[in-house]
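Me: I'm new to this one. Can you walk me through it?

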Amino acid sequence: MRRWLVHREVPSPNWNERKLPVSMVVLHYTGMETGRAALDRLCDPAAEVSAHYMIDEDGTVTGLVDEDKRAWHAGRSSWRGITDVNSASVGIELVNPGHEFGYRPFPDAQIEALLPLLADIVKRHNIPRANVVGHSDVAPARKDDPGELFPWELLARHRLCLPTPKLTMRLLYDNEAAFFLALERFGYDISDQAAAVRAFQRRWRPQRIDGQVDGQIGALLFELLLERDLGHAR
């Protein structure tokens, strides 16, 4: 870790030992009224939640848990067959009130602090772009963060996550069961199908999140799987 990327250390007691090597980054919003309240909760032993880093809206990066330890940020979650996401991931919390307290765009200063931190983490752990995900991707039935306002395409331009595919057609799968099998193959937990569709839309088509399978998201999923199978997802 390049220590200049982290402005202060506020150790959280909420961690244990990893059981898996790091292969993912999970991005969150704090979903609380203030950054101070979020930091207090992330450091409260009774809360039993934490993350490796928290980034304030002014760009201040706080280190909470050492990366070699298992922070408690993902909860009950899964991605691409990994069910202990906490053991396999680095968790980054972005201060934002979230949908409950007045969801708003992420300030430039906050994203400018995230980009080099994320780039450093991805490089050191050799994390593929397909494994830089949002909390809603790994826990679609429970979580909405970092939400539809998060600038994924900016991260993609820096090769820190997958870009949204450019579509030339719409694609309807033979039936919805075929779509959900493909969605599961890409990585999503489909036990709550409507929630899985909303999570996919929130990440890949944030302009309309309705939980309905349609030709546009079918085509997006097809292109994402094709890119992965061609080895272009790193």
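Predicted model: local features only at pLDDT ≥ 70, side-chain atom pairs only at ≥ 80, totals over all residues.

Me: OK. How many salt bridges cross the interface of domain 1 and domain 2?
Reply: Two, by that rule.

Me: Which side chain does Arg202 meet in a salt bridge?
Reply: That of Asp144, at 3.6 Å, N to O.

Me: And polar contact across the interface, how many residue pairs?
Reply: Four, with both residues at pLDDT 80 or more. By class, the side of domain 1 that touches domain 2 has four nonpolar, three polar and four charged residues.

Me: Back up. Where do the domains run?
Reply: The domain assignment puts domain 1 at 8–158 and domain 2 at 176–230. The contact draws 11 residues from domain 1 and 13 residues from domain 2.

Me: How far apart are their C-alpha centres?
Reply: They lie 22 Å apart.

Me: What area is buried between domain 1 and domain 2?
Reply: About 1,200 Å². Carbon and sulfur atoms give 55% of that.

Me: Which residues in domain 1 lose the most area to domain 2?
Reply: Arg80, Pro140 and Glu148. Together they make up 43% of what that side buries.

Me: New topic. How many helices and strands does the chain have?
Reply: Nine helices and eight strands.

Me: And the overall dimensions?
Reply: The C-alpha atoms fill a box of roughly 50 × 35 × 30 Å along the principal axes. The radius of gyration is 17 Å, which agrees with the value near 17 Å for a compact globule with 234 residues.

Technical notes:
Residues numbered from 1 in each chain as written. Heavy atoms only, no water. Domains from an automatic or database assignment. Contact = heavy atoms within 4.5 Å. Buried area = accessible area lost by both parts, 1.4 Å probe. Salt bridge = Lys/Arg side-chain N within 4 Å of Asp/Glu carboxyl O. Polar contact = N/O pair within 3.5 Å; in protein donor to acceptor, adjacent residues only side chain to side chain. Nonpolar A, V, L, I, M, F, W, Y, C, P; charged D, E, K, R; others polar. Helix = DSSP H or I, 4+ residues; strand = E, 2+ residues; numbered from the N terminus. Rg over C-alpha atoms; globule rule 2.2 N^0.38 Å.
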